[in-house]
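Hi,

Here is the structure I said I'd pass on. Have a look at it first, and then read my notes on helix packing and salt bridges below.

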Amino acid sequence: MEARRRSLTKPVQSLKPTKTISLEEDSTKASDALPLPLYITNAVFFTLFFSVVYFLLSRWREKIRTSTPLHVVNFSEIIAILALVASFIYLLGFFGIDFVQSLILRPSNDVWNSEDDEEENEVLLRKEDTRKVPCGQALDCSLLALHPSAPIVTAQKVFDEKPVTVTTEEDEEIIKSVVAGTIPSYSLESKLGDCKRAAAIRREALQRLTGKSLSGLPLDGFDYESILGQCCEMPVGYVQIPVGIAGPLLLNGREYSVPMATTEGCLVASTNRGCKAIHLSGGATSVLLKDGMTRAPVVRFGSAKRAADLKFYLEDPENFETLAVVFNRSSRFGRLQGIKCAIAGKNLYLRFTCSTGDAMGMNMVSKGVQNVLDFLQTDFSDMDVIGISGNFCSDKKAAAVNWIEGRGKSVVCEAIIKGDLVRKVLKTSVESLVELNMLKNLTGSAMAGALGGFNAHASNIVSAVYLATGQDPAQNVESSACITMMEAVNDGRDLHVSVTMPSIEVGTVGGGTQLASQSACLNLLGVKGANKESPGANSRMLATVVAGAVLAGELSLMSALAAGQLVNSHMKYNRSSKDVSKASS
């Protein structure tokens, strides 16, 4: 199969007019031997080939045993020999002949160059496509109209257009099967064994089904093998997000260049200004307060008393060691730290907390919880497990339990910004910042009934760093819980600023951290992969960097608000004079 796979795109090689490509070869393929779907035809000939080989070997072994001449054959053996030859010809034609011909009969570069020179004046490039809509919208594209009796003609467009997409007849047959529903789109990777080819076929089938073009969504330049079974199912391309660098951020005596993936203008520039003010003031200090991922299943009993019995059992210190041994069997790094229970009638919510090494740890803690639930069934056989997650965790939702108890990494980060830097770099005053922080981040958020949202824009920085480093972007919800504090110190001359973030959920192994781009950003921060000397050190360091970047972002935005510069800054950095519609087309 691999020998027959051809590149799905053929980019334009030069700006000069090129000839129209005409495929004059016979359109009849070995796969057309039977009027059946391709995979059934292949299965028939595979079965036939190996069956007759087994039959003939058995017969010839019997002849050797009975001293019968091998050239003496009966009618059944003649039929078997003919079937062997026929199946061998089919398999050779389907799997190997194109590849062999391409090696033996490949013309030299001189031949191609001479042919181009001779025919350059005979064939003109068609510079305008006669279709009025993109290929994805025109359901009668040339890829759809494949007639065996007519040659397949592919006309190249001018140099500034997208590369021409050319599919083999085998790919075309698969595309039609996906469109018809006979081949599930999700099974292409397993059937083809080529993830990029599967994505290209799925993409073309989607365009035909919807009548919408995906020409602006890139396909090439991505390793689709790296996301199989781990990051994304049924891919048809990838989205490009620019990555900017803020910094250096001087944190705990070390400089970090912070990668931020965002499409919001002014965000990286603003965070960079905050990093500058922190650096010139001697840097920031970040402290990890707690490190523990949580999972909270919900179980139900026949009475509230039985639910209370389990609560008392789980919270009894004498039983913790036994439960920890059962929990810790699930992983080398997962270590149970505690269990907190809450009752709602007959229902009991069990919030397990455990360390997870350098992984974010959701899967790790879930496996440990399952071990404990299985263990508890012995003494609490009337316990009905409703769900492995009962939202008391709480994952990807703003929740008071995370704000109070913490989840993932709990971090506090602080810095003292000198008064002259507040005026020269941040263009405001200490008094203005302190007043604005009290009325906006504290009082204003309280008036709004905020839950963990006592900050200016922590989620902006968290989301940008998460996207750049391969974290789960949905966990920005609880990871952005932050309270920003500002206070005048040193007789009111300088500014003390801090951010307290109780639930930063990050990891440096697993999930999107293994992708090439995200791995490069982790490497830039010096936290790529697992820390072999001190498991968990890399993920903890990443959490402190996130908090430090949030501190810089908060400091800069609050200064812009206090100085009345927000609108002017966004008009300068978040507006483009380009005609985006023309650029994208």
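A quick convention first: an angle between axes under 35 degrees counts as roughly parallel, over 145 as roughly antiparallel, 65 to 115 as roughly perpendicular, and the rest as oblique. Axes are lines fitted to C-alpha atoms, for helices over the stretch in contact, and angles run from 0 to 180 degrees between N-to-C directions. Helices (H or I, at least four residues) and strands (E, at least two) are DSSP runs, numbered from the N terminus.

Keep in mind that this is a predicted model: local features need pLDDT of at least 70, side-chain atom pairs count only at pLDDT 80 or more, and totals for chains, interfaces and linings use all residues. Residues are numbered from 1 along each chain as its sequence is written, and side-chain values use heavy atoms, with hydrogens and water left out.

On to the helices. H15 (residues 458–469) packs against H17 (residues 516–525) at about 110 degrees, and their axes are 6 Å apart. The two are therefore roughly perpendicular to each other. In contact terms (heavy atoms within 4.5 Å), Leu-467, Ala-468 and Thr-469 of H15 meet Ser-517, Gln-518, Cys-521, Leu-522 and Leu-525 of H17.

Now the charged pairs. There are 22 salt bridges in the structure, each being a side-chain nitrogen of Lys or Arg within 4 Å of a carboxyl oxygen of Asp or Glu.

- Asp-171 pairs with Arg-197 at 2.6 Å, N to O. Asp-171 sits in helix H5 (residues 169–180) and Arg-197 in helix H7 (residues 195–210), 26 residues apart. Asp-171 is buried at 2% relative accessible area, and Arg-197 is buried at 6%. (Buried is under 20%, exposed over 50%, partly exposed in between, with a 1.4 Å probe and protein chains only.)
- Glu-189 and Arg-202 form a salt bridge, with their closest N and O atoms 2.7 Å apart. Glu-189 is in helix H6 (residues 188–192) and Arg-202 in helix H7, so this pair ties together parts 13 residues apart in sequence. Both Glu-189 and Arg-202 are buried.
- Glu-478 meets Arg-407 at 3.5 Å, N to O. Glu-478 is in helix H16 (residues 476–479), and Arg-407 is in the loop between helix H12 (400–405) and strand S12 (408–417), so parts 71 residues apart in sequence are tied together. Glu-478 and Arg-407 also belong to one network of salt bridges with shared partners, along with Asp-395, Lys-396, Asp-472 and Glu-505.

Cheers
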